[in-house]
Structure formats: C-alpha cells, structure tokens
Amino acid sequence: MTLLIVIIVLALIFDYINGFHDAANAIATVVATKVLTPFQAVIWAAFFNFLAYWVFGLGVANTVAKTAETSEINLTVILAGVIAAIVWNLITWWQGIPSSSSHTLIGGFAGAALAHAIVVHGFGDYMVLEEGVAHTRHWYNIVSWYKAGKDGGMPSGVFIIVAFIVLAPLLGALISYLISIWLLNASKKSIFPKIFTLSLMVLTIWFVQGQMVNYADIEKPRFDSHFWSFVFESHNIKWFLVAFIILTVSLFCLIFSSLNLHQATAWLKKMQLLSSAAFSLGHGGNDSQKVMGIIAAAVAVYINTTGADIFTLPEWLQVVLPNEDKGIKGAMPGWIPLACYTAIAVGTLSGGWKIVKTMGSKITKVTSFEGVAAETAGALTLYFTEHFKVPVSTTHTITGSIIGVGLTKRVSAVRWGMTVSLLWAWVLTIPISAILAGLVYYALSLFL
C-alpha cells in the first residue's frame, strides 16, 4: 500500500511538472502577441486546464493504462516509469526544449515494463493462462504495441502513439494552413469567400448535430432535467465547443472584409482569447488523462499482485479498467480525475518561461492573426484525437500548427534550424525515456 501511495504522489508531481513544462503550449502565442501579460496568460490557461474536468471522458486514460499488460507487471515498473518521466521532463524544461510530456510518460512506462519482462523471462518465450487456455508469449508482448480497433474503430497501442509523433503536428500544420488561407481570402471584398463560409457553417451544424448523444443514451445523466443533462453531457460539450470554435471564426470571416486594419487587429486579439482558451481546454483534457491512466494502472496492478477482492478495498481504490472484448465498463473514483486536473492547472500557474520563448518567437514570427489560426487548429486537432482516444502530444500539435501558419507567408518564414532541433527532441523522447526507465527499474529492483 505504501508503494502505491508513493506512485500516486509521484504521478501527481509529474502532472504538476507537465503543467509548467507544457504551459508554453497554450500561452506562448498569446504572450508573444501581447494580448495578455505572462501572468494573465498562465491564469487564463490554468483555469481552462481545470475546466476540462467537466468536458472530457476517460478514453485517453484507458489507452495509457493499457500501455503494458497490467496482469504481468508490478508496482516497481510503474514507479520506474514515473521517475524516468519526471527526470526527462525536468531536463528538457531546464534546457528550454518543448518535448512531449505525454511521450515521456508512455516511453517510461513501456521501457520499465520491457526491463521487467527481461528480468523475469529473459529473452525467451513463456506461457500464460487466460480463462483456462494456455498462450505462448514473447518477452516483448508485455507492451501493447498494436491492437486493432473494435468494429473498424481506431486501433491503439504504442505504434499508434509513435505514428502520431508525425501525424499530430502534420494535422495541426494542415488545419492551421487551411484556416490561414481561409482568413486571408475572407479579408478580400469578394462574394466567394462568404459563400464558402456560409456553406461551412451549415456543414458544421449538420455534422455536430449528428455526433450528439441523445438523453436516452446517456448512461449517467448529471441532472434530473433532460435538457440540462443533454447540454452538459461531456461528449456533447466537446462537440458544442467544436461547433462554437468553427462558427466563431466563420462569423469573423463574414465581416473581415468590411473592417479596417485597426478594427481587424482588435477583433483578432479578442478571438485569440477564445482560441487560447480552447487550446488550454484541450491540453488539460489530453494531458491530465495520461496521469489518470498511470494511476489507474497502478491501482489495477496493486489489486492483481495482492490478490485482493476489489469490493473489499477502500472506495478510493476501486478502479476497474474497461475491457471491450469482455463487455466490462471501466470505473474510476472521482478523486483521481479531480486530483489530476487540479495538479496540471496548478503546474500551469507556475509557468514555463524558457519554453514560452522557444514556442512564441523562435519558430516563426507570430501576430494575432497567426495566433488565432495556430491555436484554433491545435484545439481542433486535440478534440478530434481525444475523440479517437489517441494520446497525442500537445507540444507537437501546437508546434505543427505554428509551422503551418508560417508556411502561408513563405517557406523561409519558418526557422527550420530550430524546427529540426525540435524534431530530434520529439524522435528521441520515447526511446530515451524507455532506456532511462529501464535503468531506474534495475536500480529499484535491488531495493524493492
């Protein structure tokens, strides 16, 4: 029990570090454009980081919890993974490198699990019993590398997370590039951009309406009122936000051509507050869930290794990981998400000024125009990846979005030397975290 509590405390410390390490994601552009002071920006971002508690589900948390087979590891594995993640995060923060806290945690968890498998089984095969049936496994099967999606849904596993090291920034860059082109054309006195904008508004309303969960399908309504339960269902809130973001930009595009430079700049600065808030919300929902997943995995491992019956444990330990194959629905005590969202919000309040400088000025010159496009693109990317339960890097996403905006001016507007350095940090984060976690695991095994 003591080791479990230590892991939970360290996981929340990692979440706090994640907050100030990744604060730059949400506030760099809004500080660079002087829409908010650094102090105002971190308060703004922290508030929306915490607000994500009421918006997002637990899909990403479940994906992270199943990075390794919880039935085949012990608490030392999770402790080593969290320690390695904390160390790497502090090193990259100190050097001002906007690496991914998410990938640090995934790499640490996977690396410690592999080290455990080698210690226990060597590099050979071993047998496991699943529902009375013996299965042959290889030592590396302890990590969930790839799992096909159910009914043609999104696959999961470490390979998918690795793929999104490339896909998340590319998607952010593509969306921000398209939003920038859309805004640039909307500034012209032509009827065609307005027709396009109106068509997009209609299409957005139609699409979002189709994604809503009806009251009859809500498992745990939050209110007695059907209307308020529908409105405040977390899944519906997320899609309401998607519609709000797109429709807000659309309304601005309809009047953009009638504004002078001063008026347009004033409107863009107001919109940047909204886009920054939307991205902070996505950051809180995406990154806090990863720590929830680690805590949930730790509790599941504790139950497995002690042989305790879940219903004899204190209520705060009664975590059930979902299993779609067996029709088991997950359950997580309310204190876990509340603690995780609180920790990341407090961490964000601590700021991360070294990385703010890198994100806000060293990639490309950022004005309110670029800020709105980049943050809007980043927020939409995070909402869609969270919908598919893919734990992506908010750092990679916003960096790609900033690059996409820079490309609308000219290729040389992006400082590619800095970008290449960031790419190296992204590529190396998972393997370095995994190696570090493996070494920490071997060291801890001497004492635990």
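Trainee: Which residues does Ile78 touch, not counting residues up to four places away in sequence?

Mentor: Ile78 touches Ile7, Ile73, Phe109, Ile294, Ala297, Ala298 and Val301. Keep in mind that this is a predicted model.

Trainee: And which residues have the most contacts inside the largest nonpolar core?

Mentor: Those are Leu4, Ile73, Ile78, Phe109 and Tyr383, in a core of 103 residues.

Trainee: Where does the largest share of this core come from?

Mentor: From helix α11, residues 261–306, with 18 residues. Another core, of eight residues, lies apart from it, and Ile27, Val30, Val31 and Ala41 are among its members.

Trainee: Let's move to Val77. Where is its place, and is Val77 buried or exposed?

Mentor: Val77 sits in helix α5, which covers residues 75–94. Val77 counts as buried because its relative accessibility is 0%, and the cut-off for buried is under 20%.

Trainee: What is Val77 in contact with, leaving aside neighbours within four places in sequence?

Mentor: Phe109, Ala112, Ala113, His116 and Tyr441. As for Ala110, Val77 is 33 residues from it in sequence, and their C-alpha atoms are 8.9 Å apart in space.

Trainee: New topic: which helix does Ser401 lie in?

Mentor: Ser401 belongs to helix α15, residues 394–409. Ser401 has a relative accessible area of 0%, so this serine is buried.

Trainee: How many of the 16 residues of α15 are buried?

Mentor: 14 of them, so α15 is largely enclosed by the rest of the structure.

Trainee: What span should α15 have at 1.5 Å a residue?

Mentor: The 16 residues should span 22 Å, and the end C-alpha atoms of α15 are 24 Å apart, which agrees.

Trainee: Back to Ser401: what is it in contact with, beyond neighbours within four places in sequence?

Mentor: Ser401 is in contact with Gly172, Ala173, Ser176, Ala374, Ala377 and Gly378. Ser401 and Glu370 are 31 residues apart in sequence, with a C-alpha to C-alpha distance of 9.3 Å.

Key:
Residues numbered from 1 in each chain as written. Predicted model: local features only at pLDDT ≥ 70, side-chain atom pairs only at ≥ 80, totals over all residues. Heavy atoms only, no water. Helix = DSSP H or I, 4+ residues; strand = E, 2+ residues; numbered from the N terminus. Buried < 20%, exposed > 50% of the residue type's maximum accessible area, 1.4 Å probe, protein only. Contact = heavy atoms within 4.5 Å. Core = buried A, V, L, I, M, F, W, Y, C linked by side-chain atoms within 4.5 Å. Expected span 1.5 Å × (residues − 1).
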